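Student: I have a structure open and would like to go through it with you. Could we begin with how the terms are set?

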Amino acid sequence: AKITFIDPAGEQRTVQAEPGSTVMEAAIRNDIPGIDAECGGACSCATCHVYVDEQWTEKVGGPEPMEEDMLDFAYDVRPTSRLSCQIKITPELDGLVVSTPERQG
Ligand code: FES
């Protein structure tokens, strides 16, 4: 599945992601700037914060309660905020667009 990351300056980077992996893993594997993922995907650092594109929020869905608690520690949280390690890639998410925040934490 293709995933596009947009950085705060508006630059787009599209990467190929394996179904079953997460958006965070796709970012790290492809050296996407702005995703730190300090905890390695355990939902305990909030440094893999992204904003899901408005057109995708329904398909991606909202955060689980544990993720929601963790999001409280993220910088500039918005209604479309998610922790990218908690977004599993599925074939339906082909074309997904997310933006990275100004900074993590
Ligand atoms: Fe730490 Fe996502 S990588 S919460």
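This is a predicted model: local features need pLDDT of at least 70, side-chain atom pairs count only at pLDDT 80 or more; totals for chains, interfaces and linings use all residues.

Student: Fine. Where does D31 lie, then?

Tutor: D31 is in the loop between helix 1 and strand 3. Its phi is positive, about 55 degrees, although D31 is not a glycine.

Student: Is D31 buried or exposed?

Tutor: D31 counts as exposed, because it has 9 C-beta neighbours inside 10 Å and the exposed class covers 12 or fewer.

Student: And A46, what is its phi?

Tutor: Phi of A46 is near 65 degrees, again a positive value in a residue other than glycine. A46 is also placed in the loop between helix 1 and strand 3.

Student: Buried or exposed, in the case of A46?

Tutor: A46 is buried, since 24 other C-beta atoms lie within 10 Å and the threshold for burial is 20 or more.

Student: How far is A46 from D69, C-alpha to C-alpha?

Tutor: The separation is 9.7 Å, for two residues that are 23 residues apart along the chain. D69 belongs to helix 3, residues 65–71. With 12 other C-beta atoms within 10 Å, D69 is exposed.

Student: Let us step back. How many helices and strands are there in the chain?

Tutor: The protein chain has 3 helices and 5 strands. Their order along the sequence is β-β-α-β-α-α-β-β.

Student: How are the strands arranged in the sheet?

Tutor: The 5 strands make an open sheet with mixed pairing, in the order 2-1-5-3-4. The edges are strand 2 (12–16) and strand 4 (81–83); each has a single partner strand, so one side of each has no neighbour in the sheet. From one strand to the next, the twist averages 35 degrees.

Student: You mention strand 2 at an edge. How many of its residues are buried?

Tutor: The count is 0 among its 5 residues, so to speak a strand that is hardly covered.

Student: In what sense do strand 1 and strand 2 run?

Tutor: They run antiparallel and are joined by 5 bridges. Within that pairing, K2 stands opposite Q16 of strand 2. The two strands form a hairpin with 5 residues between them, where G10 takes a positive phi near 95 degrees.

Student: And what about strand 1 with strand 5?

Tutor: That pair is parallel, over 4 bridges. F5 has V98 of strand 5 as its bridge partner.

Student: Now the core. Which residues touch the most other members?

Tutor: In the largest nonpolar core, which has 24 residues, these are V23, M24 and A27. The elements that give two or more residues to this core are strand 1 (2–6), helix 1 (23–29), strand 3 (49–52) and strand 5 (96–99). Helix 1 supplies the largest share, 4 residues.

Student: What does M24 contact, neighbours within four places in sequence aside?

Tutor: M24 is in contact with I35, A37, G41, C48, S84 and C85.

Student: Lastly, what is the mean pLDDT?

Tutor: The mean pLDDT of the protein chain is 97, and 100% of its residues reach 70 or more. The model scores are ipTM 0.99 and pTM 0.96.

Notes. Residues are numbered from 1 along each chain as its sequence is written. A nonpolar core is a set of buried Ala, Val, Leu, Ile, Met, Phe, Trp, Tyr and Cys residues joined through C-beta atoms within 7 Å. Two residues are in contact if their C-beta atoms, placed from the backbone, lie within 7 Å. Two strands pair if DSSP finds at least two bridges between them. Axes are lines fitted to C-alpha atoms, for helices over the stretch in contact, and angles run from 0 to 180 degrees between N-to-C directions. pLDDT is the predictor's confidence in each residue, from 0 to 100.
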